[in-house]
Amino acid sequence: MTRSDVQFGLGDLESLLGPLVADEIPAEAGDRPPAGRAAFVHTGDIFASATSTVASTILGSCVAVCLWDARAGVGGMNHFLLPWEVENGISSPRYGNVAIRALIGRLETLGSRRTQLLAKVFGGASVIESAVPESESLGARNVAFAVRALAEAGIPVISQDVGGTRGRKVYFRTDDGSAWVRKL
């Protein structure tokens with residue numbers, strides 16, 4: 001069984017996580033993500049699907065960029081740790097400039113058009129840098145990079161839940177762009 005084949009039920013989520021803060025949930029959906037196909041996105045991972053899937057991740061200062069194309073019914077999530085790759089020549093999606101570019105590429109491979117993509121950005125908390133002003137924290141730099149990179153790619157950010165001092169558990173539905181956030 002692969003990560004993207006894992007199934008979860010609403011009762012399992014509620015008992016594990018408690019109530020979730022909802023973003024754009026249809027009234028009949030309640031306050032939790034729907035049951036169904038699921039994928040967990042680890043730091044440095046990228047997940048994209050043309051099948052309805054709930055992608056999830058846990059964020060502190062890291063950022064997750066969620067993209068979807070409603071017309072094509074495809075979407076995906078990345079989870080990056082630092083804004084820019086280091087100068088050692090390693091190109092990894094642990095870095096925002098690689099992760100965003102790779103997610104866009106995967107969605108285009110699945111039939112999306114960049115001009116139809118919409119974005120939601122999550123994370124960027126200042127969880128360990130108490131001596132640094134929040135606006136200068138790693139989380140703030142990650143968020144600023146993500147928003148700038150998406151603007152340069154012509155992809156509008158229509159929603160975001162970023163900053164603060166608490167981590168987040170994020171769920172994102174790849175087919176319709178629905179998202180749920182639980183502060184940790």
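**Sheet and salt bridges**

Modeller: Five strands make an open sheet, ordered S4-S7-S6-S8-S9, with mixed pairing. Strands are DSSP runs (E, at least two residues; helices are H or I, at least four), numbered from the N terminus, and two strands pair if DSSP finds at least two bridges between them. This is a predicted model, where local features need pLDDT of at least 70 and side-chain atom pairs pLDDT 80 or more, while totals for chains, interfaces and linings use all residues. Residues count from 1 along each chain as its sequence is written, and side-chain values use heavy atoms, without hydrogens or water.

Colleague: Which strands stand at the edges?

Modeller: S4 (46-49) and S9 (157-162); each has a single partner strand, so one side of each lacks a neighbour in the sheet.

Colleague: And how do S8 and S9 pair?

Modeller: In the parallel sense, over five bridges, with S8 spanning residues 118-123. Ala119 sits opposite Val157 in S9.

Colleague: Switching topic, how many salt bridges are there?

Modeller: Five, counting a side-chain nitrogen of Lys or Arg within 4 Å of a carboxyl oxygen of Asp or Glu.

Colleague: What does Lys183 meet in a salt bridge?

Modeller: Asp161, at 3.7 Å, N to O. Lys183 is in strand S11 (residues 179-183) and Asp161 in S9, so the pair ties together parts 22 residues apart in sequence.

Colleague: Which residues are in the network with them?

Modeller: Salt bridges with shared partners join Asp161, Arg168 and Lys183 into one network.
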